[in-house]
Structures are given as C-alpha cells and as structure tokens.
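Hi everyone, thanks for coming.

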Amino acid sequence: MRSSWKRCAARDTCFVPLPRLVRTASFRLAALYAIGFAACVLLLGAAAFWSTRSALEKQLTRRIEAEMMLLEQEFRASGIDRLIATVQQRTRVRGNLDYFVADPAGKRLAGDLPVISDRLGWVAYDSGEATGEKQSGESERILVLVKQLDGGFRLGVGEDLEQVGEMEDTFLGILVPALGIVLVLGIGGGLLLSAAFLRRVDMITRTADAIIDGDLSRRIERTGSGDDFDHLSATLNVMLDRIVGLMENLRQVSNDIAHDLRTPLSRLRQDLEEAQKRELTAPELKRVIEGAVAEADVLLETFSALLRIAQIEAGIRRSAFRAVDLSDVLRTVAEAYLPAVEESGRALRTEIADGVQVDGDRGLLSQLFVNLVENALRHTPDGTTITLRLSRQPAGALAEVADTGTGIPADERAKVFRRFYRLERSRTTPGSGLGLSTVAAIVELHHAAIELLDNAPGLRVVIRFPARA
Amino acid sequence: MKVLLIEDDVKTAAYVKRGLEEHGHVVDSAGNGRDGLFLAAGEGYDVMIVDRMLPGLDGLGIVKAARAAGVTTPVLFLTTMGGIDDRVEGLEVGDDYLVKPFAFAELMARINALARRPAIAQVPTVLRVADLEMDLIGRKVRRAGREIELQPREFRLLEYLMRNAGRVLTRTMLLEHVWEFHFEPRTNIVETHISRLRSKIDRGFDAELLETVRGSGYLLRAPT
C-alpha cells in the first residue's frame, strides 16, 4: 500500500486504487448508510405493497359478495330458471365477474367458470389447472365464492386476480429500480466522498512522509476552503513550525554551548597547568587557584542559567501561578538597584502605577526586571537615565524598561534573545549572553509579548502582559 | 555543634564533613536515607544537612518521616543546581535549602543561622546590639539614643542582621530574605545597600557594628 501511493505521489494528480477506496472509513460509512437507507426503502415499499394489495382484495371480495347476495335473492324469489337466465345474460355481457350455476350432479347449467363441487366458500385457483390448459402464460388466478342453494344447486361468483397482479407488477416495476438507484447513489456517493477525503489525507500523509525522510521544510498544502481539513492542515503546519523552531533552537544552543564554554574551560586548564609547576611561590599558587575557581564559577553559572531557561521553557511553573502585584515587583527591583545605578553614575526613574496585578510567578517576574535593569546598567555609558514604567492597559498591563544609552541596531534586535548571542561591542563586557534569553523564556511562560523599540536614543523594552484570567 | 549529614555522593560528603570538623563541629554522616533516618531519630542533633536526591528514600521523605517521628532538628536541604521548584517543596518540609554547587562559607553561614534559631521564637519587640536599638512596633531605630532614619527596605535589612547578630549572613541569604530574590543577580546590589546602611548606622559613632567578612558575607555584632 505504501509503495502504491509512493508511485502516485510522483504524479501531481493521483488515482486512488479502488480497494483502498473501499477500505476507507468514509466509504464504509457511506456504504453502510446506503444499505441502511435501501433497507428502509424496501421495508416501506413492502408495507405499501401489502396494504394496497389487501385493500384491492377487500374491494374485490365485497363486489363478489354483493353480486352473490343479489343472485341468491333472485333464486329465492324466482327459482332456478330465472337464475340461469340472469347468469347467462351476465356472462354474455361479459363484465368483470365470472359465474357458474350447477345442478346437484355437478353439471354446469350456466356461466363460464368451471364447476367447483367439492368445496364451499372462498376458493382460489389457477384457471389453467382447473381447465386443463397447461399454457401457463394464459393461466390466471381466480377467486371464487361458492354457495350451496336450495335443491342442491350450486352457485359460484368469481373474478380473476388480474387486477391485483397488475398492481403487483406496477409496484415491483417502481420499487426495484428505485432500490437500485438508492444503492448506486449511496455507494457511488460514498466512493466519491471517500476519494475526496483520501486525496486530502494522502496530501497530509505525503507531507508527513517527506518530513520523515528528512525534508523538514515541507508543509501541508491548504486548499483555502476553510473546511475541517484546512483547519487540521493549518494546525499541523503550526505544530511542524514549532517543532522545527525548537529543533533549530536546540541545534543552535548545543553549538553555542560547545563554542562558548571552550573559552572558560581552556582558561581553567591553563590555570591548573600553571599550578602544576613546582617553582610557584605560595602567593602565586593562591592567585592561580583563585583564577581557576573563578573560571569554574563562570562555567557553573552558565550551566545553571541554561538549566533555569530550560526549566522555565518546560512551563512546569505555570501551575504555581497566582496573582502577583507587578507594581510591587517593579518597585522592589527599582529600590534594590537604585544605589548601584546611582553609584555607577547613571540615574533611575520610576513611573509605576499602583496595584497592577498579573497572573504569574513572583520570583521569575523579579528576575525578568532585574535582568533588564542589569542589561541597561551594563551596556550603557555613564550619565544614562534608566526608566521603569508600569501602566494598566485595557488588555492587561504594560511594563517598560527604557534607557538613553546606545540602543541595539534594528537588525540585531531579534537576535539578542538567542542564547549566547552578544552584540559585537559587548563582547568585552563580562556576561554570559543568557540574560535576555532568560527574559524571553519568562515572558513566554507568562503569555506576555516583548518588543525592543528605539528610545531615540537608547533602547526601550516593552512587555505586554495579558489581563488576569 | 552536632551535625547529621545525609548525602550519598562520597566526595561531597567528605568535603562537607572535613570542612565542618575543621570548624570544630561533630559530624555523623549517612550515605542513604534509611541509615540517616535511624541516626536522626536516635541521636540529638543541632542541625541536619540532607541531600534531596538519595537512593531509596529521598531527602524529602526522610525529613517527613523524621518529623512524623517527632524529630524537630532544623533541616537544610541540598539540591542540585537549577531545581527551581525544589525550593518551594524544600521550604515546606525543611527550614532552608542550598543549591549545589555551593561555597563552603555559604553552608557554614546557613547552618549557623539554623542551629541557633530559637525553637519557638519568643516575639521580641525591641532588638538590641550594643548601643543600636530597633523598636519593631514603632519601626524606629536608635543608636546611642540618636534616632536614625531608614528606608523600609533598609529597615528590613537591618532587622535581619540584628536578629542574626553575631552570625555571618551571606549575600545570597540577604537577597533571599530582604528582597525575596531567589536568584543571583550579577550586580552586587547587596554591597551597595550594606554600604548605605553602614553610613547610616556606623558613621559618626565610635565603634563599627556592621562588618564585612571577606569571601563570606556580612556580620553585625557588638565590638569585643
């Protein structure tokens, strides 16, 4: 099956082989539905058939009974000869009804029906059998009412069931083709429907297979009709984008880790190598060891920052979210940093609205603003003013950390959130290049949006928090 | 001080034990939860240091079991780095936590603070260190009778130092208690706040109460 659609995948339009079509869920459903529908039509037809037939038969027997009553009265009033005359006359006129009048010996005195001498009441028979004519084509079902008259005479009034037969033929003539049409339409519709579904499913399968084979850029084509399949395709495409993004991220991160940790590791090794030398004096040795410990600390710090980002990204803390007074968080951060900022020759200003609340993790939100303030502190020249702003918005809360420093070039703004990414001019400033990655992870965890804007001059980091749930 | 160390990593256990013994403490160590629990229940320890990740019974389980058995010894959890959520769980069951890898000075400072924590703290209304006085109800600070104006956060910082007078408090401990920052900022914000506080409580007085312990942290004590 795999190879069969592999072949058809090569062509643009795809012929779906019938056996596959029949196996699809949609076809099975359509077929089941068609059969069920046909059974209903059949049942309904049968019911209509039987009721029409019995109505016809009832009508027939009433006519026969009425005629019999009439003839009996005539016999009682005027005797056998009058009856014979009437029957002969009626037979000659050749209405719908047939008759016989027989004497006690069973000899037919009038009428054209064969005499029935052995039974009384309602008798039905094939005319062919009774008359000995064996041409079945002309044989008719006849229904006869037989009565014993005074003096041993017998009278029979009957009618052939031609009418009923005609009705049956007409009925079957309608019902059978109708049933056929229902089945053909149902099953044909099912096939068409499943072919349409299969085409869409195949499209998805083909894309998935291409991705399995390594072409991660493939996406499911959308018809633009906005139907379920389109929605499904869109969702799957978004999922694929996310997976590819994560994989790309992972690849980049592992490359960067390898690259970025080489420097402190080799410095650590140099220090240890130096310590191995015998001729070092005690103070020298102490200095070298202190250097090695410092390098190890850098490594450990980087690792714990990476682990922290990974943990934040895993989203496990969302379950511990509660209402956080963001105003208080920003004030605490501002207060904590005010001395350090002032001592560095910069200024810190706050424009913080009271009682702004968001759903979140207080510890992480503190870290978010600490990282942003530290960034502003470390990557700006003396004399810079750092401003912390917080306001309530219709759609949630708006927090801002702005500085009047040198800013970030527009084309680099998206890249600074990447792990280990550092601007060229910041290469010499100490730092792991993980501060903004942590910020991005915390923002993402809180379903907030972060934007880096030009503060002309300087950088304006804007974070929009959603309203509380 | 009598310390119980429950740690399965032989190297870490030896490092902690040696360090504590050098500081004159008596250390019993257990390599797994069962032995640890047995020791904790039997001997009277001043402090327990418990690793979160242990073979068999984990650290949290040991402390819960010990607490259920009526052991009230203060507990310091050791957790691996990056375990953000361990803190919450750890503080629910234990008294303090420390993330590995840690500086020995940090560990010392924390177990000192733990061991001397009064079992049921009688609530003092006035804290005193030498001639420095803090009125917790009136939220006023005086030194040698002279009133000192403090910012709310400075008050909190000084209160924490005074409550732990004579004990070294590390940068991390101060960040956690005063600012509730459970992470390590790069900028030494503690240092700047300490120097501001120092200028308010020490400048102009004969003796310095607030000391910096190099490589460890800060210490508030009466001059000897």
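A word on the ground rules. This is a predicted model, where local features need pLDDT of at least 70 and side-chain atom pairs count only at pLDDT 80 or more, while totals for chains, interfaces and linings use all residues. Residues are numbered from 1 along each chain as its sequence is written, and chains are lettered from A and ligands numbered from 1 in the order in which they are written.

Let's start with chain B. You'll find eight helices and 12 strands there; helices (H or I, at least four residues) and strands (E, at least two) are DSSP runs, numbered from the N terminus. Chain B has 224 residues, and 33% of them count as buried. By buried I mean that 20 or more other C-beta atoms lie within 10 Å of the residue's own; with 12 or fewer it is exposed, in between it is partly exposed, and the C-beta atoms are placed from the backbone. Two residues are in contact if their C-beta atoms, placed from the backbone, lie within 7 Å. If you take the contacts in chain B between residues at least 6 apart in sequence, 56% join residues at least 24 apart.

Now a sheet. In chain B, three strands form an open sheet in the order β10-β12-β11, with antiparallel pairing. The edge strands, each pairing on one side only, are β10 (169-170) and β11 (210-213) of chain B. Two strands pair if DSSP finds at least two bridges between them. Between β11(B) and β12(B), residues 217-220, there are four bridges. Which residue stands opposite B:Val213? That is B:Gly217 in β12(B).

The loop between β11 and β12 of chain B holds B:Ser216. Because it has 17 other C-beta atoms within 10 Å, B:Ser216 is partly exposed. Leaving aside neighbours within four places in sequence, B:Ser216 is in contact with B:Ala105, B:Ala109, B:Val168 and B:Thr170.

B:Ala109 takes us to helix α5 of chain B, as it is one of the buried residues there, together with B:Arg110, B:Ile111 and B:Ala113. Helix α5(B), residues 104-115, has 12 residues and reaches 16 Å from its first C-alpha to its last, close to the 16 Å expected at 1.5 Å a residue. The expected span is 1.5 Å times one less than the number of residues.

Next, two helices in contact. The axes of α6 (residues 152-163) and α8 (residues 189-201) of chain B come within 11 Å and cross at roughly 85 degrees, so α6(B) is roughly perpendicular to α8(B). Angles from 65 to 115 degrees count as roughly perpendicular, under 35 as roughly parallel, over 145 as roughly antiparallel, and the rest as oblique. From α6(B) the contact uses B:Glu154, B:Leu157 and B:Leu158, and from α8(B) it uses B:His193, B:Arg196, B:Leu197 and B:Ile201.

Where do the chains meet? 21 residues of chain A are in contact with 17 residues of chain B. On the chain A side, α8 (282-314), α9 (326-343) and α10 (362-378) each supply at least two residues. The largest share, seven residues, comes from α9(A).

While we are in chain A, look at helix α3, residues 25-78. Its 54 residues should span 80 Å at 1.5 Å a residue, and its end C-alpha atoms are 79 Å apart, which agrees. Among its buried residues are A:Phe27, A:Ile64 and A:Phe75.

Last, some backbone details. Most residues other than glycine have a negative phi, and most peptide bonds are trans. A cis peptide bond joins A:Ala456 and A:Pro457, with omega about 0 degrees. A:Ala456 also has a positive phi, near 40 degrees. Is A:Ala456 buried or exposed? With 8 C-beta neighbours inside 10 Å, A:Ala456 counts as exposed.

Chain B has a cis peptide bond between B:Lys100 and B:Pro101, with omega about -5 degrees. B:Pro101 sits in the loop between β5 (96-99) and α5 of chain B. B:Ala144 has a positive phi of about 50 degrees, although it is not a glycine. B:Ala144 is exposed, with 11 other C-beta atoms within 10 Å.

That's my tour, and I'm happy to take questions.

Definitions and conventions
Axes fitted to C-alpha atoms, helices over the stretch in contact; angles between N-to-C directions.
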